[in-house]
Amino acid sequence: VDELKLYLLAKTSICPGINTIVATLITSNKPSIQGNVTSWVYDYLNGLQNEIYRIPFEGNKYAGLSFSTVATQIYKEFNLILIALEVSVGGSVKVFLNP
């Protein structure tokens with residue numbers, strides 16, 4: 001978690017607003033869209049309905065592939081965006097974030 005916080009802090013200088021995006025993805029919020037709203041408000045409220053999930057999958061299927069290749073395959077096969085991988089390496093757990 002600390003590694004992710006530091007990563008996001010660094011990314012904020014390159015991509016302002018990334019913390020807001022991640023914060024809305026890790027909290028569950030299902031606002032109703034009522035009445036006439038501008039397109040950006042509609043997009044924002046609709047985007048609040050997206051969430052991040054931690055999903056285990058078989059590592060053998062993706063063993064030896066680069067993060068980009070795995071992310072592409074996950075997107076094409078499941079229509080999901082891979083944000084990070086948590087991998088056991090030599091008895092310890094490492095987190096690899098989407099570049």
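Trainee: What makes the contact between glutamate 86 and arginine 54 a salt bridge?

Mentor: Their side chains meet at 2.3 Å, N to O. The term asks for a side-chain nitrogen of Lys or Arg within 4 Å of a carboxyl oxygen of Asp or Glu, so this pair qualifies. Bear in mind that this is a predicted model, where local features need pLDDT of at least 70, side-chain atom pairs count only at pLDDT 80 or more, and totals for chains, interfaces and linings use all residues. Residues are numbered from 1 along each chain as its sequence is written, and side-chain values use heavy atoms, with hydrogens and water left out.

Trainee: Why is arginine 54 called exposed, and what is glutamate 86 called?

Mentor: Buried means under 20% relative accessible area, exposed over 50%, and partly exposed in between (1.4 Å probe, protein chains only). Arginine 54 has 70%, so it counts as exposed. Glutamate 86 has 48%, so it is partly exposed.

Trainee: How many salt bridges does a search of the whole structure find?

Mentor: Two. Lysine 61 and glutamate 77 also meet in one, at 3.0 Å, N to O. Lysine 61 lies in the loop between H3 and H4 and glutamate 77 in helix H4, so this pair ties together parts that are 16 residues apart in sequence. Lysine 61 is partly exposed at 46%, and glutamate 77 is partly exposed at 45%.

Trainee: How do you know that E1 and E2 pair?

Mentor: Two strands pair if DSSP finds at least two bridges between them. Strand E1 (residues 84-89) and strand E2 (residues 92-97) have six, in the antiparallel sense, so they qualify. Glutamate 86 stands opposite valine 95 in E2. The hairpin of E1 and E2 has two residues between the strands, and glycine 90 takes a positive phi near 60 degrees there.

Trainee: Where is isoleucine 52 found, and is it buried or partly exposed?

Mentor: Isoleucine 52 is in the loop between helix H3 (39-47) and helix H4 (67-78). Its relative accessible area is 34%, so it is partly exposed.

Key
Helix = DSSP H or I, 4+ residues; strand = E, 2+ residues; numbered from the N terminus.
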